[in-house]
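Please report on the helix and strand layout of this model. Keep it short and give the cut-offs.

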Amino acid sequence: MKSFLIVGMGSFGHHLCRALADQKCEVMVADQVSDTLEDLLPLVVSAKVGDCTNEEVLRSFDIPSFDACFVCLGDSNVLGSLQITSLLKELGAKKVFSKADDDVQAKFLLRNGADHVIYPEQEAAVNLAISESSDSIFDCISLTDEYSIYELQPMDRWIGKSLKELNFRVKYNLTVIAAMRDGIIRPNLSPDYTFKADEHLLVLGRIEDIRKVVR
């Protein structure tokens with residue numbers, strides 16, 4: 001079972017904590033305000049009230065014992081995010097994810113030791129814009145700045161044809177990783193998989209290649 005520390009229990013911190021708890025992970029949460037922790041007590045193994053910009057407070061958490069640490073302070077406390085990110089790395093954190101609201105903040109967080117920067121509002125906005133701007137795209141999960149997984153409706157021209165027949169990966173520069181119907185996902189499709197009108201596809205690729213397909 002993996003173990004995580006979340007510092008800063010605003011809206012994003014709460015959502016993250018609940019999602020990790022749903023995955024049966026052990027979670028410790030920390031914030032300066034005790035009221036922000038109360039509703040999470042049934043979900044976590046430990047909840048700490050304290051100023052995490054204080055090295056001694058963080059040191060008491062046994063930082064190296066966590067699989068990853070998340071810094072989820074609000075945008076009004078940029079300095080605090082930078083300080084905590086730096087201290088976590090100095091104290092032996094295996095991996096640090098820090099929340100940012102813009103590219104400038106992200107740049108400084110990376111310089112201060114963040115292994116990954118999270119843009120929750122930006123990513124949600126981009127994914128929503130992509131899915132709502134096309135009748136053929138139903139969802140989008142960002143993996144990197146370049147690649148995402150898209151839930152697509154098969155194009156009419158594909159129906160009844162196989163991956164091999166269409167030479168799909170070469171022709172479209174996209175990889176079909178699963179088919180989905182009624183919430184059930186079928187991964188590991190063979191080259192002989194035939195596209196069906198009543199299924200959706202989970203496709204890995206770049207947005208510019210997806211746009212060429214659904215245009």
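Predicted model: local features only at pLDDT ≥ 70, side-chain atom pairs only at ≥ 80, totals over all residues.

Residues are numbered from 1 along each chain as its sequence is written, and side-chain values use heavy atoms, without hydrogens and water.

**Helix α1**

Helices (H or I, at least four residues) and strands (E, at least two) are DSSP runs, numbered from the N terminus. Helix α1 has 12 residues, 11-22. At 1.5 Å a residue it should span 16 Å, and its end C-alpha atoms are 17 Å apart, which agrees. The expected span is 1.5 Å times one less than the number of residues.

G13, H14, L16, C17, L20 and A21 of α1 are buried. They cover an arc of only 165° around the axis, which puts them on the same side of α1. That arc is taken over the directions from the helix axis to the C-beta atoms. Exposed residues S11, H15 and D22 sit on the face turned away from the buried side. Buried means under 20% relative accessible area, exposed over 50%, partly exposed in between (1.4 Å probe, protein chains only).

The cover over the buried residues of α1 includes β1 (3-7), β2 (26-31) and β4 (68-71). Contact here means heavy atoms within 4.5 Å. Just after α1, K24 takes a positive phi of about 65°.

**The parallel sheet**

An open sheet holds 6 strands in the order β3-β2-β1-β4-β5-β6, with parallel pairing. β3 (46-49) and β6 (116-118) stand at the edges, each with a single partner strand, so one side of each is left without a neighbour in the sheet. The twist averages 20° from one strand to the next. Helix α1 lies across β1, β2, β4, β5 and β6, and runs at about 170° to β1. Axes are lines fitted to C-alpha atoms, for helices over the stretch in contact; angles run from 0 to 180 degrees between N-to-C directions.

**Strand pairs**

Two strands pair if DSSP finds at least two bridges between them.

| Pair | Sense | Bridges | Opposite residues |
|---|---|---|---|
| β5 (96-99) and β6 | parallel | 3 bridges | K99 and I118 |

The hairpin of β9 and β10 has 2 residues between the strands. There, D182 takes a positive phi near 55°.
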